[in-house]
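Q: Hi! Could you walk me through this one?
A: Happy to, let's look together.

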Amino acid sequence: MTLYHFVGLGMALFAIGAAGFFIRNNAVVLLLCIEIMLNAVNLIFASFARFLYGTEGQIFIFIIMTIAAAEAAVGLGIIIALYRSHKTLDMSLIKDLKG
Amino acid sequence: METVIFWILSAFAVAAALAVVFFKRAVNGVISLLALMLALAGLYVLMGAPLVAFFQVIVYVGAVLVLFAFVIMLLNLKESVRPLIFLADVKAATPAALFAVGIVVLSWLALQDGVFSKAAALPPASGLRQIAVDLFTRHLLVFELASVILLVAAVAAIVISRKEGGRP
């Protein structure tokens with residue numbers, strides 16, 4: 001195993017998450033795709049921390065996990081509010097901001 | 001041996017990520033994401049970062065995914081299962097696929113720099129003590145800011161999701 005293996009896996013996961021973010025329509029699944037992307041970045045940080053001799057990578061991971069938890073809480077709150085006001089979570093039907 | 005475990009875990013992780021994207025129902029997506037998180041935790045252990053693996057299981061699996069499951073159960077999403085632009089929708093899928101391939105190609109080109117090839121051998125992992133010392137001395141401000149962010153997010157989530165004009 002080299003650094004390339006881990007970074008390649010992280011890139012693949014990030015790409016899957018990013019593509020899923022564009023092709024899916026359900027707001028909950030969009031949040032799940034964001035979580036995939038955050039986890040891919042975490043994996044890359046961890047591999048850099050391991051292979052480039054440092055603790056900063058792992059500390060970054062803890063901070064990213066904190067932000068991810070906060071993001072999930074706020075995002076799910078927004079989803080609940082959205083469902084209450086629109087009665088749907090289909091993002092192609094919710095276009096109030098499109099003008 | 002380690003290489004075999006790495007390939008098994010990474011195949012599992014990629015399959016789980018694809019499952020999150022392609023399962024129609026959000027509940028199945030949450031379960032697949034759980035599988036992805038556990039595979040990543042295994043990879044962290046393999047990488048010599050057991051602390052990160054513990055946090056991965058406790059924070060993501062124990063807190064974030066349970067929150068997702070709660071919200072899905074709360075909303076009764078069954079009637080809105082249809083919402084999903086699927087691969088049949090070429091107009092949406094083509095840019096997405098191009099974007100994903102572009103990410104992979106660009107970051108692969110960036111990796112060809114040669115800086116990282118020096119770090120190809122697996123060095124000894126940095127210990128728990130060193131991480132703790134760094135976290136509570138050099139990165140203390142970030143640590144405290146993270147706690148403030150968590151507090152603000154908790155309050156914001158309650159405020160956003162409560163009923164309009166109702167009591168919290």
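Q: How do α3 of chain A and α3 of chain B cross?
A: In this predicted model, the axes of α3(A) (residues 56–86) and α3(B) (residues 50–75) come within 11 Å and cross at roughly 0°. Axes are lines fitted to C-alpha atoms, for helices over the stretch in contact, with angles from 0 to 180 degrees between N-to-C directions. Helices are DSSP runs (H or I, at least four residues), numbered from the N terminus.

Q: What does that make α3(A) relative to α3(B)?
A: Roughly parallel, a term for angles under 35 degrees.

Q: Which residues meet there?
A: Among them are A:Phe62, A:Met65 and A:Tyr83 from α3(A), and B:Phe55, B:Leu67 and B:Phe68 from α3(B). The contact's residues divide into 21 nonpolar, one polar and no charged. Nonpolar covers Ala, Val, Leu, Ile, Met, Phe, Trp, Tyr, Cys and Pro; charged covers Asp, Glu, Lys and Arg; the others, Gly among them, are polar.

Q: New topic: how many residues are in the largest nonpolar core?
A: It has 72 residues, and A:Ile36 and B:Leu36 have the most contacts inside it. Such a core is a set of buried Ala, Val, Leu, Ile, Met, Phe, Trp, Tyr and Cys residues joined through C-beta atoms within 7 Å; buried means 20 or more other C-beta atoms within 10 Å of a residue's own.

Q: Which element gives the largest share?
A: α2(A), with 17 residues.

Q: And how many helices does chain B have?
A: Six helices and zero strands (strands are E runs of at least two residues). Of its 168 residues, 23% count as buried.

Terms used:
Residues numbered from 1 in each chain as written. Chains lettered and ligands numbered in written order. Predicted model: local features only at pLDDT ≥ 70, side-chain atom pairs only at ≥ 80, totals over all residues. Parallel < 35°, antiparallel > 145°, perpendicular 65-115°, else oblique. Contact = placed C-beta atoms within 7 Å. Buried ≥ 20, exposed ≤ 12 C-beta atoms within 10 Å, placed from the backbone.
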